[in-house]
Amino acid sequence: MFKRLQIYANEMYPVIPRLLISTLMVAVQYLAVLTFAEVPPIYQFHWEDLGIGYTVFAFLFLLRIADEFKDLENDRINYPERPLPSGRVYKRDLWFLGTLLFVIMVGINLVLPQPLGPLLLVIFYGFLMTVWFFQRDKIEPSLVLALVTHNPVQLILSFYVIHFVTYHYGLALWTWENVCVAIVLYIPALLWEISRKIKAPMDENQYVTYSQVWGFKGSLLAIVGIAAVGVLAAWILVYELSASVLLIVAYGVLLYFFYRYYQAPAGKNLKTIVPAYLVVHLSIFLILIAMLYF
């Protein structure tokens, strides 16, 4: 079983890269909340910080596993080479892994010094996603409706992290700065969800994509606009730093690669370009808020 799970992790959810991304997400929110507090407190490391990082990593991993079961029939047609539909990984393997991740996540949060409400909200929303909000017949056929109902989970996850920091340090939760921080973290999830379902016209098949719904050019313009919102939300918080121009430079590089993709999209996709940009964008933002904080 463990060899099969290793195959699954390597192909569908590489543990080390995803753990680093989860850590980056938490670090950005954690430091941003401290930096933009009315009176920024001094950061003190506690083991609980690791628990928050694990929770984000585990929950995103659980969503990936849940998608395996939700999309199994479609994957057997469109992606038969993937571990589960190909039979290289069994359902019981993923049930075991998901249960283990979930039990550890809940166990850690039971001893964290904060109310369980935010975690329960995260779990409840995740559950609603797995059952298509009890409206599968309406949501599943509509890519846009699925996006509108499922993607806000990142906002719920951001609320969990931001609530922990504000509770731990006795800070105000509902501030415009914290809302901007949540948007900065929400945009990457939105960009990734849309960009991974964009194909060149000649590469389209029966699998429904945003490029089918909005058109190839329209879908690219959509993610260009969404990325711009993310840059604006981040820039509003750090505009006083001259180095904030790096956010715009990174966005300009993204536009360049998008243009190249638009000019010659056949056989290509955005599964490398967009994640790379998101890591760079969040890393730049983390450096900028660190400059403000320290």
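Select Tyr277 and show its surroundings: leaving out residues up to four places away in sequence, Tyr277 touches Leu191, Ala227, Val231, Ala250, Tyr251 and Leu254. Contact here means heavy atoms within 4.5 Å. This is a predicted model, in which local features need pLDDT of at least 70 and side-chain atom pairs count only at pLDDT 80 or more, while totals for chains, interfaces and linings use all residues. Residues are numbered from 1 along each chain as its sequence is written, and side-chain values use heavy atoms, with hydrogens and water left out.

Next, select Leu191, in helix α11 (residues 176–195). Helices are DSSP runs of H or I with at least four residues, numbered from the N terminus. Leu191 is buried at a relative accessible area of 4%; buried means under 20% relative accessible area with a 1.4 Å probe, protein chains only. Beyond its neighbours within four places in sequence, Leu191 contacts Ile223, Ile226, Ala227, Val274, Tyr277 and Leu278.

Now widen the view to the largest nonpolar core, which has 94 residues; Leu191, Ile198 and Tyr277 have the most contacts inside it. Helix α13 (residues 216–238) supplies the largest share of this core, 11 residues. Such a core is a set of buried Ala, Val, Leu, Ile, Met, Phe, Trp, Tyr and Cys residues joined through side-chain atoms within 4.5 Å.

Finally, go to Lys70 in helix α3 (residues 47–70). Is Lys70 buried or exposed? Lys70 counts as buried, at 10% relative accessibility. Not counting residues up to four places away in sequence, Lys70 touches Met129, Thr130, Trp132, Arg136 and His150.

Notes:
Buried < 20%, exposed > 50% of the residue type's maximum accessible area, 1.4 Å probe, protein only. Helix = DSSP H or I, 4+ residues; strand = E, 2+ residues; numbered from the N terminus.
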